Amino acid sequence: MESKAPHILRGFIDELRALFKQPLSDDERWRRIAALMPALIESPELRASARSWPEHGPGEMPRNLLFYEDPDYRFVVNGLIKKPHEGTPVHDHAHTWTVSALMEGEEHVTLYRRADDGSRPDFARLEKLADHEVRPGHVDLIPPYVIHEERAGDCRTISMIVRSEKTGSFPQNMFHMVTGKVTQSPGAAQFPYDLDSAQS
Ligand SMILES: [Fe+2]
């Protein structure tokens with residue numbers, strides 16, 4: 001567990017903890033977290049550090065680099081690198097909240113909604129809700145059960161992500177567009193990465 005705030009994220013994590021301490025609705029709390037992201041991804045120290053973050057190997061999935069996990073509120077701060085043209089499956093984040101800010105590169109983001117009544121856990125008919133190209137500085141707020149996919153453009157992308165809990169420890173829905181099949185899987189694994197030792 002990464003419970004010690006790394007030096008370059010200390011101010012940001014203090015702000016996150018203050019928001020978790022307040023009696024806010026989830027919706028309001030995560031809107032305020034989203035509002036903190038533009039300043040975070042403009043941080044020259046963070047951007048310099050990102051140049052040495054490790055990329056996943058050939059054939060591996062993009063890695064959620066785990067920079068911090070809060071010991072009290074369980075939220076995590078991740079960095080995520082996608083190589084050119086790498087994308088995610090169509091998926092949701094189950095009951096969790098996510099804010100993702102694009103620091104480098106361009107991505108194509110697609111949002112879907114269920115066009116069926118949701119009565120079958122293993123089947124879904126999806127309708128495309130929105131489809132857009134996002135550039136550095138773009139912040140996505142992903143509430144529970146929102147269905148989406150992202151794909152990197154011609155260059156690699158780097159995102160900073162705050163999640164209400166770490167992926168890999170609960171089942172997420174994966175949607176198979178051709179067959180309509182829905183499967184559950186634990187989602188992306190987390191890879192602890194010490195930003196402080198990477199700096200020194
Ligand atoms: Fe996602």
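Predicted model: local features only at pLDDT ≥ 70, side-chain atom pairs only at ≥ 80, totals over all residues.
## Iron site

Three histidines supply the protein donors of the iron ion: His91, His93 and His148, each through its NE2 atom. These donors lie 2.1 to 2.2 Å from the ion. Along the chain the donors are spaced as H-x1-H-x54-H. His91 belongs to strand S3 (residues 90-91) and His148 to strand S8 (residues 147-152), so this pair ties together parts that are 57 residues apart in sequence.

Buried here means under 20% relative accessible area. His91 has a relative accessibility of 7% and therefore counts as buried. His148, at 1%, also counts as buried.

## Helix H1

Helix H1 covers residues 10-21, which is 12 residues. At 1.5 Å a residue the helix should span 16 Å, and its end C-alpha atoms are 16 Å apart, so the two values agree.

The buried residues in H1 are Phe12, Ile13, Leu16, Leu19 and Phe20. Viewed down the axis of H1, they fall within an arc of 120°, so they line one face of the helix. In an α-helix there are 3.6 residues a turn, so residues three or four places apart point the same way. Asp14 and Lys21 are exposed and sit on the face of H1 turned away from its buried side. The cover over the buried residues of H1 includes helix H2 (26-41) and the strands S1 (64-69), S2 (76-82) and S9 (157-163).

## Trp30

Trp30 is part of helix H2. Its relative accessibility is 1%, so Trp30 counts as buried. Leaving aside residues up to four places away in sequence, Trp30 touches Phe20, Trp97, Thr98, Val99, Leu141, Val162, Arg163 and Ser164.

Trp30 and Met61 are separated by 31 residues in sequence, and their C-alpha atoms are 27 Å apart in space.

## Nonpolar cores

The largest nonpolar core has 34 residues, and the members that touch the most others are Leu9, Trp53, Phe67, Val77 and Met160. At least two residues of this core come from each of H1, H2, helix H3 (44-50), S1, S2, strand S4 (98-104) and S9. H2 gives the largest share, 7 residues.

Key: Residues numbered from 1 in each chain as written. Heavy atoms only, no water. Donors = N, O, S within 2.8 Å, 3.2 Å for Na, K, Ca; no water. Helix = DSSP H or I, 4+ residues; strand = E, 2+ residues; numbered from the N terminus. Buried < 20%, exposed > 50% of the residue type's maximum accessible area, 1.4 Å probe, protein only. Expected span 1.5 Å × (residues − 1). Arc of directions from axis to C-beta. Contact = heavy atoms within 4.5 Å. Core = buried A, V, L, I, M, F, W, Y, C linked by side-chain atoms within 4.5 Å.
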